[in-house]
Each structure stands twice: as structure tokens, then as C-alpha cells.
Amino acid sequence: RFSSEKKLSVEYFSSILSQINEPINLTVPGTYEPNKELIHILGFERQLKIINWSKKRPRKLKILGSNGCNYSFLMKGREDLRQDERLMQVIELINAIFSKFS
């Protein structure tokens, strides 16, 4: 893991997100499954991580779901994030495989 990550307050990017302190009637993006209970947004982590080792310095936001899990989202301005999302999924898979063998 790179140690060059910086953190900034969510308030710096969005005063609205920083003021949320009660459940929102929205589901966490990407968690919908038919015939299963919806996972709603309970809140947002108070700090964003800025990934400095990437050229565009994307921000990583964590959303707390009503099931108690945290969900990470990558944010970049004015860009298509699909390729980045796939790369992050591959890296997470590799990390999971390595953690099983260590």
C-alpha cells in the first residue's frame, strides 16, 4: 500500500454531505439485489482520501450502509470511471487472494 494518501474533510468538497447525520431514503449505489432488503445510506465518512500516486488524484469516499458495511467509491472530475472501477476490483481481488495465503 502506498503511504502517499492524503485526507481532506468532506466539508471541503460538499457542505451538504458533511451535514448529513441521519439515514437517507436512498440506497447505496450498486447494492440493489431483487428480493433482498435494500441497503440505505446511513452517512458518509467525514474524510476523503486523495490518491496521490494516480495522475488525476481521484478521491475515495466511503458510504456507511444500513447493513453496517462501508462502501468505497472512487470520484474523479469530468472522467469516465468504468475502467478505473474495473482496475480497483481487480486489485481488491488480488489483495483478497494474497491475504488468504499469508
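This note sets out several points on the predicted model shown above.

1. Overall layout. The chain contains 3 helices and 5 strands. Read from the N terminus, the order of these elements is β-α-α-β-β-β-β-α.

2. Burial and surface. The chain has 102 residues, and 22% of them count as buried. Its accessible surface amounts to about 8200 Å². Carbon and sulfur atoms contribute 53% of that surface.

3. Contacts along the sequence. Among contacts in the chain with a separation of 6 or more, 42% are between residues 24 or more positions apart.

4. The pairing of strands 4 and 5. Strand 4 covers residues 59-65 and strand 5 covers residues 70-75. The two strands pair in the antiparallel sense, over 6 bridges. Within this pairing, Lys-62 stands opposite Ser-72 of strand 5.

5. The turn of the hairpin. Strand 4 and strand 5 form a hairpin with 4 residues between the strands. In this hairpin, Gly-68 has a positive phi near 90°. The student may wish to locate this residue in the structure.

6. A nonpolar surface patch. Six named residues deserve attention here: Val-90, Leu-93, Ile-94, Ile-97, Phe-98 and Phe-101 form a nonpolar patch on the surface. Together they have about 650 Å² of accessible area.

7. Phe-101 in particular. This member of the patch lies in the segment after helix 3, which spans 82-100. Is Phe-101 buried or exposed? Phe-101 counts as exposed because its relative accessibility is 71%, and the cut-off for exposed is over 50%.

Definitions and conventions. Residues are numbered from 1 along each chain as its sequence is written. This is a predicted model: local features need pLDDT of at least 70, side-chain atom pairs count only at pLDDT 80 or more; totals for chains, interfaces and linings use all residues. Side-chain values use heavy atoms; hydrogens and water are left out. Buried means under 20% relative accessible area, exposed over 50%, partly exposed in between (1.4 Å probe, protein chains only). Contact means heavy atoms within 4.5 Å. Accessible areas come from the Shrake-Rupley method with a 1.4 Å probe; for residues, only the protein chains shown count as cover. Two strands pair if DSSP finds at least two bridges between them. Patches are made of residues with over 30% relative accessible area and no salt bridge: like charges are joined within 9 Å, nonpolar side chains (Val, Leu, Ile, Met, Phe, Trp, Tyr) within 5 Å. A salt bridge is a side-chain nitrogen of Lys or Arg within 4 Å of a carboxyl oxygen of Asp or Glu.
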